[in-house]
Amino acid sequence: MISRRDRPGTFVLTLAFSFALTLLYLPPSLDAFRPYWVALVLIYWCLETQGMVTLGKAFAIGLLLDLLGGSLLGLHALSLVILVYLVTRFRARLRFFPPWQQALSVFALLLNDRIILLWIIILRGDPMPSFGFWLPPIVGTLLWPWLFLLLDWVRGFMRRRASACNIFREFQ
C-alpha cells in the first residue's frame, strides 16, 4: 500500500529525471556504459512502496520510453513489465537483503532484461551484439547502492517538505 507521506509527484520527478538521463546524448565510446536508468528507478520504487508501480504503469512507461527512444514499440514495455513483476513478487525478500546482496539481485534483474532484449534481437534477425551489450547491467549494479541512497534522500526530503507544508496549513 502507498504510504500517505509518499506523493506521486516524487515518483514522477525521479522517473522524469531517469528518462532525461536515458535520452541524454553520450559519445559512442561511452554509450555502452549507460545503465538502464528507468529500470533502476522502477526497482527502487517497487522495493520501497507497495502498489505505487503496477504492471500497467510499467507497460505505459515502457511504451513511452520506446516512443521517446525510437526503439521497437513494446520492447521496453515487455522488459519493464517482467522486471516489475519479478521485483514485486520477491519484494519481501529483496527489501531486507544487505546492500551488497541487493546489488547482486539488481544485477540478476538487469541481466534478465538484457536476455529478453537479446531474445528479441534474435527473433528480429539482427546481428548479435558486441561485448558492450552486457556492460549496462554491470554499471547499474555498481551504481545501485549510491542510486538507492540518493533516491532515499530525495524521497525523505519530499516527505519532510510535505509535512512542513501540512503543519504550516494547520496553523493558518
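Select Arg34 to begin: its side chain reaches the backbone oxygen of Leu24 at 2.8 Å and the backbone oxygen of Thr22 at 2.9 Å. Each is a polar contact, meaning a pair of N or O atoms within 3.5 Å; within protein, one must be able to donate a hydrogen and the other to accept it, and residues adjacent in sequence count only if both atoms are side-chain atoms. The model is predicted: local features need pLDDT of at least 70 and side-chain atom pairs count only at pLDDT 80 or more, while totals for chains, interfaces and linings use all residues. Residues are numbered from 1 along each chain as its sequence is written, and side-chain values use heavy atoms, with hydrogens and water left out.

Remain at Arg34, which is found in the loop between α2 (28-31) and α3 (37-48). Helices are DSSP runs (H or I, at least four residues), numbered from the N terminus. Is Arg34 buried or exposed? Its relative accessible area is 14%, so Arg34 is buried (under 20%; exposed is over 50% and partly exposed in between, with a 1.4 Å probe and protein chains only). Show its surroundings next: leaving aside residues up to four places away in sequence, Arg34 touches Leu21, Thr22, Leu23, Leu24, Tyr25, Leu26 and Pro136, where contact means heavy atoms within 4.5 Å.

Select Asp31, Arg34, His76, Arg114 and Leu117, which lie nearest its centre among 21 lining residues. On a 1 Å grid over the protein atoms alone, a pocket is an open set of points where a 1.4 Å probe fits, with protein on both sides within 12 Å along at least five of seven lines; lining residues have an atom within 4 Å of a point. The space in this pocket is about 630 Å³, a volume filled by probe spheres set on the points, which are joined across faces, edges and corners. Colour α1 (8-23), α4 (55-69), α5 (75-89) and α7 (99-124), each of which supplies at least two lining residues; α7 gives the most, with four. The lining holds eleven nonpolar, six polar and four charged residues. Here Ala, Val, Leu, Ile, Met, Phe, Trp, Tyr, Cys and Pro count as nonpolar, Asp, Glu, Lys and Arg as charged, and the others, Gly among them, as polar.

Move to the second largest pocket, with about 150 Å³ of space. Its lining includes Leu13, Phe17, Trp37 and Leu147. Two or more lining residues come from each of α1, α3 and α8 (135-170), and α1 provides the largest share, five residues. This lining has nine nonpolar residues, two polar and no charged.

Now display the aromatic rings. The whole structure has six aromatic pairs (rings of Phe, Tyr and Trp, its six-membered ring, with centres within 6.5 Å; planes under 30 degrees apart are stacked, over 60 edge-to-face and the rest tilted). Select Phe11 and Trp45, an edge-to-face pair at 5.9 Å centre to centre with 90° between the planes. Phe11 belongs to helix α1 and Trp45 to helix α3, so the pair ties together parts 34 residues apart in sequence. Phe11 and Trp45 are buried.

Turn to Trp144 and Phe148, whose ring centres are 5.7 Å apart and whose planes meet at 55°, so this pair is tilted. Both residues lie in helix α8, four residues apart, about one turn of the helix, and both are buried.
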